[in-house]
Amino acid sequence: MKYKDPNCSVGERVEDLLARMTLEEKVAQCVQIYIPPEGREEILARIRKTGLGSRILSAVPLGGSVTQRTAGIADLNEVQRIAVEESRLGIPILSGMDVIHGQHTVFPIPLAMAAAFDPAALEQASAIAAAETASMGIHWTFAPMMDIARDPRWGRIIEGYGEDPYLGAQMAAAAVRGFQGELDEKGYARPGRVLACAKHYVGYGAAEGGRDYNTGEITDHTLRNIYLPPFKAAVQAGVGTVMSAFHDLNGEPASGSRYLLTDILKDEFGFEGFIVSDWASVGELVNHRVVAGERDAAALAFDAGFDMEMISECYTHHLAELVQAGEISAQRLDDAVRRVLAVKFRLGLFDHPYADTDRQLEQLPLDEYRAASRRAAARGMVLLKNNGLLPLKPDARRVAVIGPYAHERRTMLGSWVNDILADEPGTLADALRAALPEAQILTAPSGLYDEMLMAAAEADVVVLALGESHARNGEYNCVASIELPAGQQALFDALAGLGKPLAVVVYTGRPVALTRIAPQADALLLAWHPGSLGAEATVDVLLGAVNPGGKLPVSFPRGEGQIPVHYNHNSTGRFNPRYHDMPVTPLFPFGFGLSYTRFAIDGLEVQPQAVQPGGRVRVSVTVTNIGERDGEEVVQCYLQDCVSRLTRPVRELKGFERVALQAGESRRVSFELGAEELSYYGPGGRWVLEPGEFKVWVGSDSNASLEGSFRVA
Ligand code: BGC
């Protein structure tokens, strides 16, 4: 049998297998279900009869916020054995799970990984997550999430890379490379990697009011220029699967849109993998009221381009009948099945269907992984203010470590982490105590505010850990106010009244309003949800073992009334559309972050000064560490197309590089701008590069003022 022969090409194997399949067997490959203990026997019988496309390993849709029941290797192998040995064609099952920022070793949340402005670190984190996931017999992760998010009320902002399409695209591609690795010469995945899934396609972050699952309206212009680039980058990086979004976009559910799924993703981007729905999003077409029942939902979704349906079983119940009735073409079904099978072949499932019990989690270099997680966490932290209090002096005698997150473990990990890991992270108070054995660490583990104030009153310096719980962000966890949760501002105000040196650490998954805290705190460190080693990483930064170099991947508004506020807004006819009661600028802009040293960026050169369309321009600067400590700066390059036919952003990030410099050291940094950076989706629905003048700015955040220009002739 050719399809079982690893010496044949993937294409030959797919065609050989497809030719042997019955209609029911084909439909089964387009289905993904959860196998509940109570319905197990029935499902196993189904697998014997028709096979099964995929099995999802979470029991409930909000996998990110609850304890997940995860099947063990024995169970995965047993179900696989039934598919491989007891079904007619022996097609293996693809097992998928949400591994968003770590499986066993938890890395910082994706938004924090973006803040490191270091795609290589994300690639490494994703490769580690892949190794741990593969060691547990799981083949597929529903990550990376690459939804552009301009609204911090939306809880899922934590899962993506922030507001910027360029940064988002670099990060999306890095995560895909890390999860999937490079295919071998014969086109097969290498061991220890998993299949990635670019989600949620597309515009999901534009939910009205920041309410998850809500309607979005995005013009084609904004969709193409802002929301689609990370997905295109993921496709170019070879992502094997794409997941659609739950919401309705421009009057059409994203899960029923032929324009989005087939015309753009498959035909225009040339995506060759398969598209999976989100949890029951095919069935939910009925709730959107674009179809009257599940049969029509199956027809609409399948015709739109979904190859695999997650959870709701509209395909199981209706697809065969739709094909027989001629309402879905047999070619379209074959196309979907080909895509699913090709992914399975490439993953090596036909040749190695079972989890390798010799490569289990314990055999992996977990200490190395933990070191990488700690390093990534510290690199993603953003120093928002410092009047010289940080790094804390090693001879500090009495240090109060207080606040709602001083003794917290689970929140370090963030959402989309299996709650069985909840007790593993250390606490900030313990980590600081371990790092400062000579000091007296004053705490208030009771959580009582009066005890916190008493500890602070006795201390020489106060470290106050504020923020929001991991349970308050992530999927379906949206807020109307971006102020810190109740009581924290009052606690801060009371502490500030004591007049002690005060460093505030904020653990959060979304921008929170720090408008009344920033002016009064002596130092403000944004630590996000930093992962398994988050407490230790925080201490690395507080004590200066790591000099912070993270930058904001999303603007920090002064209050929710400013939302949406993002640096890359369009030019307006009357400048400065304003409020009477609040400045229009965010409290901290995109790209912002301080260091314990200082950097100078100068010597801007733009070469050549004029290019033909298609030519390349090199923008170079010198970055110098002019402070006393070694440190890292993210040099950022922004572009403006001075005159364009359609209104364009005032500036757009088009290059960045994180540079490590010793005290006193200088380095030349260059950015190349070519057709891809200079063009935009413009008039007539085409990518255009309009001749004329372009401006560039290079600096350390999105307000960079070092300016140059060039012309495209
Ligand atoms: C989420 C997805 C996730 C899926 C499977 C859905 O509720 O929107 O991001 O991958 O569940 O757990």
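Which residue forms a salt bridge with R510? I began my notebook there, keeping in mind that this is a predicted model.

**Entry 1: the R510 pair.** I found that the partner is E468, with the closest N and O atoms 2.8 Å apart. The two link distant parts of the chain, 42 residues apart: R510 is in the loop between β15 and β16, while E468 is in the loop between β14 and α18.

**Entry 2: other salt bridges.** My count came to 43 salt bridges. One of them joins R295 and E327, again with 2.8 Å between the closest N and O atoms. Here R295 sits in helix α11 and E327 in the loop between α12 and α13. R295 is partly exposed at 25% relative accessible area, and E327 is partly exposed at 45%. I also noted E632 with R658, at 2.7 Å. E632 lies in strand β20 and R658 in strand β21, so this pair ties together parts 26 residues apart in sequence.

**Entry 3: the ligand.** Next I turned to the ligand's surroundings. Of the 14 residues around the ligand, D98, R156, K199, H200 and D278 come nearest. A polar side-chain atom of D98 is 2.4 Å from a ligand oxygen, and one of R156 is 2.7 Å from a ligand oxygen. The protein covers 100% of the 310 Å² of accessible area that the ligand has on its own.

**Entry 4: the core.** Last, I checked the largest nonpolar core, which has 171 residues. Helix α13 gives the largest share, 8 residues. Another core, of 35 residues, lies apart from it and includes L428 and V463.

Notes: Residues numbered from 1 in each chain as written. Predicted model: local features only at pLDDT ≥ 70, side-chain atom pairs only at ≥ 80, totals over all residues. Heavy atoms only, no water. Near = heavy atom within 4 Å. Polar contact = N/O pair within 3.5 Å; in protein donor to acceptor, adjacent residues only side chain to side chain. Areas by Shrake-Rupley, 256 points an atom, 1.4 Å probe, with all protein chains shown as cover. Core = buried A, V, L, I, M, F, W, Y, C linked by side-chain atoms within 4.5 Å. Buried < 20%, exposed > 50% of the residue type's maximum accessible area, 1.4 Å probe, protein only. Helix = DSSP H or I, 4+ residues; strand = E, 2+ residues; numbered from the N terminus. Salt bridge = Lys/Arg side-chain N within 4 Å of Asp/Glu carboxyl O.
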